[in-house]
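Me: Hi! Could you look through the aromatic rings in this one with me?

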Amino acid sequence: MNIHETAYMEERFKEAGYEVVPFEERADVYIINTCTVTHTADSKSRKAVRKAKSTNPESLVVVTGCYSEVYPEEVEKIEEADFITGNVEKFNIVGLVERRLRGELPRVYVKGVWKDGKFYPLTLRHYEGRTRAFLKVQQGCELFCSYCIIPKARGRMVSLPPEEVLKQAEELVSAGYKEIVLTGTHLGGYGVDLGGDWNLARLITKLVEIPNLYLLRLSSVEPVEFTDELIEVITSSEKVAPHFHIPLQSGSRTVLERMRRRYTPEEYRRVVEKIVSLRPESCIGTDVMVGFPGETEKEFEETRKLIEELPLGYLHVFPYSRREGTVASKLKDSVSPEEKKERAKILREIGKEKSISFRKQFLGRKLEGLVLSEIEGKRSRALTGNYINVILDKKVPPGEVVRFKLKKVGEKREENYGEVVNR
Ligand code: SF4
C-alpha cells in the first residue's frame, strides 16, 4: 500500500509542475512515506529524515505515513522533521506542503484516520506497455490482531462501492491493461461496511465477466475469509490468477489464540489443501511471525512442522516486534533476539526450499505469462498467473501474453529462465 501511495504522491507533484528527483539528490522538499510495522521500520524512517536534511539543510522535510499517523509525538522529537502529517494527508499532499511552505500550517498536522473514515481511491498504472494495474477496493482493518498496529494506522474498514469498482476496472481494461491486482488493507473484508450482500466473492464474480480482462490477481486475504463461496469463485474462473497470499503467522493453536487470529492450524491447512486440490497449479504464499511473546520451543516446532507439510510456494518470515499501543505490547517479550533470529533462519531456509520445489514442478512444461518489460532490448521478463517470474530468451513487447517452456529454475524467486514457444 505504501509503495502505491508513494507513486500516487509522486504523480500529484509532477502534475502540479514539480520535478521529482531521486532521494539522494538535492531537493527543495523531501517526502518520507513511513512504515511502522516493526521497530526496524521506525528506525529506517528516522534515518531517512536525517539523511534528507543533511543533503539539503534548507529543504522542507515532510514525514507522512503510518509512523507519523500512530506515533506523532515520537516523530516530533526528530529535529530534522519540518512537517509531520498522517495517512489521509497523503491524498492532498501538494496543497498541504505548499500551505506549510507559506507558513499557514503548524509543524504537526495529523487529522487522524479514525476521525476521517473516508475512502481514498487509488488506481495505479504499472509497467511499460500497460500490463498490470493496481486497484484499491478496500481500506482499513478492524480485526485488531494482538500484535498489529495497522488498525491504528489505517483506520476503519471502508469499501469502494461495487459499481465504482466495476467502472474503474472496465476503464483500466479499455485502456489496455491486461492484469488487475485487487488491493486493500484487509481485502477479504470487502463489503462488510456496504450493507446488503456484497463480499469479495461476489465482487470477483462480477469482475471476471469484464470482456478482455486477462487476469485478476488478489493481494493478501485472511484464512478465515476463504469461505466455500470464495474458494468456489477463485478456483473455477481461469481469469483469477492461481496465486493466493494467505497469512498464517503461526502454526501453533495456542500462539494463534494469543495473537487473536480467528482460526486454528487445522482450519488453515484445510483452506490451503482445498484450493490446491481444486487448482493444483496454485502458488500459495504466506507470512509467518517468529518469537511472539511466550512462543515456546514446542510452539515453534508446531509452526515449523505445519509449514513443512503444506504445499506452499513462498514464505515471508518476520521476527516479532513489539508495537506500543497493541494488546501484545503488554505481554513479556520473552523470546531473546538471538532465538528469534535462529527461528527466522530455520523458517527462511524451509521457505527457500519450498519456493524452489514449487517452481521445479513446472520445469519443461509450457506455461503462459504476461510480459512485464524488455531486458536490454534482447530478452524480456514475464509473470505467470501463479507468480513465476521468468526471464525469456526473446524480446517480446510488454503487455503481450506469451507461451514459453520453463527451462531453468534458480535459487531466487525471480531467477527463472524460459524459452518462447509458438502456441
Ligand atoms: S488482519 Fe492483518 S491488518 Fe488486520 S489486525 Fe490482523 S494482521 Fe493487522
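Predicted model: local features only at pLDDT ≥ 70, side-chain atom pairs only at ≥ 80, totals over all residues.

**Aromatic rings**

Me: How do the planes of Tyr147 and Phe292 sit, and what is the distance centre to centre?

Reply: Tyr147 and Phe292 make an edge-to-face aromatic pair, with 85° between the planes and 6.4 Å centre to centre.

Me: And where in the chain are those two?

Reply: They link distant parts of the chain, 145 residues apart. Tyr147 is in the loop between β6 (132-139) and α7 (150-154), while Phe292 is in the loop between β11 (283-290) and α13 (297-309).

Me: OK, stepping back: how many aromatic pairs are there?

Reply: The count is 12 aromatic pairs. One of them is Phe23 with Tyr30: the ring centres are 5.7 Å apart and the planes are at 80°, so this pair is edge-to-face, because planes over 60 degrees apart fall in that class.

Me: Is Tyr30 buried or exposed? And what about Phe23?

Reply: Tyr30 counts as buried, at 3% relative accessibility. Phe23 is partly exposed, its relative accessible area being 30%.

Me: Switching topic, which residues do ring pairs link into a cluster?

Reply: Tyr8, Phe91 and Tyr120 are joined that way.

Me: Nice. Which charged end sits over the ring of Tyr8?

Reply: That would be Arg12, whose charged end is 4.5 Å from the centre of the Tyr8 ring.

Me: And what sits over the ring of Tyr314?

Reply: The charged end of Arg413 does, 4.3 Å from the centre of the Tyr314 ring.

Methods: Residues numbered from 1 in each chain as written. Heavy atoms only, no water. Phe/Tyr/Trp six-rings, centres within 6.5 Å; stacked < 30°, edge-to-face > 60°. Buried < 20%, exposed > 50% of the residue type's maximum accessible area, 1.4 Å probe, protein only. Helix = DSSP H or I, 4+ residues; strand = E, 2+ residues; numbered from the N terminus. Lys NZ or Arg CZ within 6 Å of the ring centre and 35° of its normal.
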